[in-house]
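Hi everyone, thanks for making time this morning. Have a look at the structure on the screen, and then I'll walk you through a few places in it.

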Amino acid sequence: MKIFCIGRNYVDHAKELGNVVPKEPLIFMKPPTALLINNKPFYHPDFSENIHYECEIVLKIGKNGKNIAERFAPNYIKEIGLGIDFTARDIQQKLKEKGHPWEIAKGFNGSAVIGDFVPVEKFENLENINFHLTKNQVKVQTGNTKDMIFNFSKLISHLSKYFLIHQGDYIYTGTPAGVGKIEIGDRLEGFLENEKIFHCNIK
Ligand code: ZN
């Protein structure tokens with residue numbers, strides 16, 4: 001099982017971090033040990049003083065493929081979920097400045113929260129899915145898949161040029177604006193079309 005992540009896939013978020021809008025998808029990966037499931041708490045590590053939440057729609061892949069054409073890409077999505085790409089922003093900033101890989105800023109234990117999944121058939125239009133994240137019951141991020149720079153099909157097609165796509169793989173599809181710092185004691189809750197998909201207490 002692989003965990004693909006897409007960076008800077010919403011214009012408003014790319015701008016809030018001062019990044020240029022990419023011409024092709026920006027890809028990174030997290031190891032399976034990053035997964036945090038079943039609404040388990042996230043234990044704030046002491047190597048970072050600025051861990052950010054990034055709420056993102058997560059695709060679960062339903063069959064294997066490679067070199068997938070965009071028009072066939074929807075057939076590879078089995079379920080749609082929501083999660084958090086926790087990011088040690090202070091570490092990431094230092095690595096970015098040196099031009100080094102992001103791994104430890106993005107792939108640490110528990111950095112990939114995933115909630116419940118909804119069968120893809122339940123969505124009328126994959127390019128109009130609303131989601132939001134609350135922190136301590138205040139809405140902090142709101143997104144809609146229509147605002148993605150690269151839609152699901154483009155992401156799957158692009159990824160499959162380089163990587164075999166396997167049943168059970170996950171794709172974090174990028175975060176909208178509003179990312180921010182977590183503190184011990186915070187409670188995050190993620191919603192897909194107003195249905196609660198996960199919660200995560202920071203300990
Ligand atoms: Zn992200």
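**A buried tyrosine, a zinc site and a helix**

Let's start with Tyr-10, which is buried, at a relative accessible area of 1%; buried means under 20%, exposed over 50% and partly exposed in between, with a 1.4 Å probe and protein chains only. Before going on: this is a predicted model, where local features need pLDDT of at least 70, side-chain atom pairs count only at pLDDT 80 or more, and totals for chains, interfaces and linings use all residues. Residues are numbered from 1 along each chain as its sequence is written, and side-chain values use heavy atoms, leaving out hydrogens and water.

Tyr-10 sits in the loop between strand 1 (3-7) and helix 1 (11-16); helices (H or I, at least four residues) and strands (E, at least two) are DSSP runs, numbered from the N terminus. Beyond residues up to four places away in sequence, Tyr-10 touches several others, including Phe-131, Asp-147 and Pro-176, where contact means heavy atoms within 4.5 Å. Pro-176 is 166 residues away along the chain, yet the two C-alpha atoms are separated by 5.4 Å.

Now, which residues hold the zinc ion? Its protein donors are Glu-54 (OE), Glu-56 (OE) and Asp-85 (OD), 1.9 to 2.1 Å away. Donors are N, O and S atoms within 2.8 Å of the metal (3.2 Å for Na, K and Ca), and water is not among the atoms, so sites may look incomplete. Glu-54 is buried at 4%, and Glu-56 at 0%.

Finally, helix 4 (residues 152-162) has 8 of its 11 residues buried, so it is largely enclosed by the rest of the structure. Its cover includes strand 1, strand 5 (55-61) and strand 6 (77-85).
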